[in-house]
Amino acid sequence: MKLKTLLSTLPFLLFASLSAYAQGRGGGRGAGPQPPQSPQAAAPIDITGYWVSLVTEDWRYRMATPPKGDFLGVPLNQAGRDAANAWDPAKEEAAGEQCKAYGAGGIMRMPTRLHIAWQDMNTLKMETDAGTQTRILSFTPSQSPGGDWQGVSLASWDRQATVMGIGRGGPPPGGSLKVVTSKMKPGFLRKNGVPYSADAVMTEYFDRFDQPNGESLLMVISEVNDPTYLATPFWTSTHFKKQNDAAGWNPTPCSAK
Amino acid sequence: MFDNKSIVLSALLTVSVTALGQESAPGFDLSGFWSPAMHEDALERGGGSEIGDYAGFALNEAGRLWALSYDPSRVTLKHHQCDAYVAPYQMRATGNFRIWEERDPHDQRLVAIHVWAQVTEGHRVIWMDGRPHPPAWAPHTFRGFSTGKFVGNALVVETTHMKQGWLRRNGTPESDQATLLEYFVRHGDHLTNMTIITDPVFLTEPEVRSNDYFRQVVDHHAWLYACDDGEQILDRAPDKVPNYLFGQQPFAKEFAERYKLPLISGVGGAESIYPEFMAKLKTVTNAEALARFRPVTGRPLETSRAVDPEPHDGEIHVFPLRNNVYMLVGDGANIVVQVGDQGALVVDTGTGALADKTIAAIGKLSGKPVQFIVNTGFRADHTGGNVKVRRSGMDPSLQGSFFSNQFADAGQGATIMSHQNTQNHMDALKMPAEGIPSDTFLEEHRRKFHNGDSIELFWEPNAVTDGDSIVHFRRADVIVTGDIFTTTQYPFIDIKNGGSVQGEIKALNDILNRTVYEHEEDGGTLVVPGHGYLSNEHEVLEYRDMVVIVRDRVRAMINSGATLEQVKAARVTADYDTRYGASTGPWTTDLFVEAVYKSLQQGSK
């Protein structure tokens, strides 16, 4: 094959690959462009249902309220340490601020059950029985000013990149739910006053793993960036086990102590 | 500017990559340098947790008691000084990681993913080529045997064949029966590894944890972590293993007291993992918590939950050891065969039920007749095949030779060797004369150079019987222990036939005095147990520790005037029963405790 001939085939090869990719995304032979799927219809994983915390890490920071000044592992800067050392749970309760550890930056670390459901085709609603909180994970940008405990969460599906995005007949199976939360009311990363500020931005990835034994686990990987109180991003990964139903669901109010 | 050749090459590469993508499972690249983000469990993963902090672990009673018996001074023992980390703990420990892919140079398929941990030089290989896991009788390593595949957006890894190690570095144990399921996911420069440990011996439900790493763009360097053991405490008796008697762990309350938590906090158990435990923290009394620091008495003994390493398929399985030495599995006790120009030397012959298949397997390894059989002891599961295997050694070249004038049975079969007491026991049991050893030794040592190797037989005067021999192939560096060491049960200490717990401990220490590990308490000298999977010194070490610890408990009770029944009722083996215990069969937990008790009453031999 002459060089010129070979070069002339290149556009066709690329076109063929892209066509195959399009078909894999629901194009189909001979079909015209399809309207984009809703986030609910396009979900690569199902995280709806009831889930229960598995508190196997940071146990004494989560199952009990640790002593003031115990912020081992959290990369606080000096302002963060000062704020943590000033923690006064009685004062928080008196000021009606007992939900500071139940904001988006801390709630997933609480021993809790989750109830996740589609509120509509563009919005996931996540309720917790600990502190009776509700997180709204919206796949469309919100105009909300935020400023409450749960802030504003923008959701998207995150899939592994493929080789040049082509050649596999469509996107790879599986994926993660990515949630970026900002505009939170200042709260606590840990119950003993380890702070995050209104400037904090939290990026989460929700991954579901279906084990061979039939059980399903949800892992929530979290990165909190806070220029006010953190020297470096704060990373955690938190686990939940799937429940068949609402067994154990036990709404409890926030507590600062 | 690209020239035409570059463009053509790019096009071809594009097509090739596309084609490859269609054939391969979807996946992602983990390669690079990774540092752990130790924002969770920072104390555990850094300086180390307090003794008594088992919170969040689904420990059963055995696991909790094992941990409470642990004395950190144990790491001063020579053989424990370089203990490596088991795979899940390795992923959790401090230190950096380097990950790289191994690809077939011809078709570029992914063969394996290698993970190198800075601490302990932990090298994990995750096989991606679809190979099966080894059989149950294959050796265990600290990192175990891992296979992986990409599923969805995760690398899913299954690991088996791990050694006993830590769930947590404060004595919280993970048994050699544990298996590991892992999910690796990568989000940009953030890698997360979820570990799910299933351990039928020490856990009541799988332990789920996760580790986060962030990618580094440069090499961390400092990848080496050499460890040689040394003399740390002089003049310590060889049968001393630091441990605490049940209920006497002095630091059991330290965790709760330091952090002003209820005493139940550190006890652990599956209930401590779930949200409901927050309420329980307020209601469980210290007395209830303290009760969990000792075995629950008056309940049936637990029994082993370990995988049976015997194939039970009516076949003899050959497992290569080193040089010209092989392990044959399938007919009761393990059989070891050394082959070469001088004919096979066989250590033990199994029950004999599969003797014909044993002989056939030996025949495939060696074209020469069996020359020697060595019996490590007299029990039928080790000597049952003697008659047939001996006959297979018939050597016509010796018949009518000079030797036939000296020995009536020259050339009639292989020569059977053992300690004299083994011969005595077999005579007393009226075993077939043809299968009884004819070449015996009386004192501590017998040696033979055969097939290019120096072979030594060491007599252990009062271990499981009074006629046990350890066989050491020095060049191949393989030790055959007979029933002095097994991975399947408590040592079968036969008091009536000369066994004793002190002699058993001495014998286990004698094995440990002859072994050398290759790296971080792993590899090196191969140890073939009387029953169970191929081992090395770490398995012998944990077994020795167990015998010493049980001995210490029984001795303490004898010293306080306890009767045998009281000792049995105290469940002095409660932390080992889920690994070695038996309530039926020829060797039960009760019989073991009785043997320890009686041999201590008789005094050390």
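In the predicted model described here, the centres of domain 1 of chain B and domain 2 of chain B, taken over C-alpha atoms, are separated by 37 Å. Domain 1 comprises 32-38 + 81-135 + 142-216 of chain B and domain 2 comprises 317-541, the bounds coming from an automatic or database domain assignment. The contact between them draws on eight residues from domain 1 of chain B and five residues from domain 2 of chain B, two residues being in contact if their C-beta atoms, placed from the backbone, lie within 7 Å. Residues are numbered from 1 along each chain as its sequence is written, while chains are lettered from A and ligands numbered from 1 in the order in which they are written. As this is a predicted model, local features need pLDDT of at least 70 and side-chain atom pairs count only at pLDDT 80 or more, whereas totals for chains, interfaces and linings use all residues.

For chain A, the mean pLDDT (the predictor's confidence in each residue, from 0 to 100) is 88, and 83% of its residues reach 70 or more. Over residues 5-30 of chain A, however, pLDDT stays under 50, and the model has 24 contacts beyond four places in sequence for this stretch. The pLDDT is also below 50 over residues 163-169 of chain A, a stretch with 18 contacts in the model beyond near neighbours in sequence.

The secondary structure of chain A comes to five helices and eleven strands, where helices (H or I, at least four residues) and strands (E, at least two) are DSSP runs numbered from the N terminus. Of the 257 residues in chain A, 42% are buried; a residue is buried if 20 or more other C-beta atoms lie within 10 Å of its own, exposed if 12 or fewer, and partly exposed in between, with C-beta atoms placed from the backbone.

Beyond neighbours within four places in sequence, the contacts of A:Leu218 include A:Ile47, A:Trp51 and A:Phe240.

In chain B, seven strands form an open sheet in the order S12-S13-S14-S15-S16-S17-S18, with mixed pairing; two strands pair if DSSP finds at least two bridges between them. Strand S12 (317-322) and S18 of chain B stand at the edges with a single partner strand each, so one side of each is left without a neighbour in the sheet. Within chain B, strand S14 (residues 335-338) and strand S15 (residues 344-347) run antiparallel and are joined by three bridges, and B:Gln338 has B:Leu345 in S15(B) as its bridge partner.

Helix H12 (residues 420-428) of chain B has among its buried residues B:Asn421, B:His425 and B:Met426. The buried residues of H12(B) pack against helix H9 (380-383), strand S17 (415-419) and strand S18 (439-441) of chain B. H12(B) lies across S17 and S18 of chain B, running at about 105 degrees to S17(B), where axes are lines fitted to C-alpha atoms, for helices over the stretch in contact, and angles run from 0 to 180 degrees between N-to-C directions.
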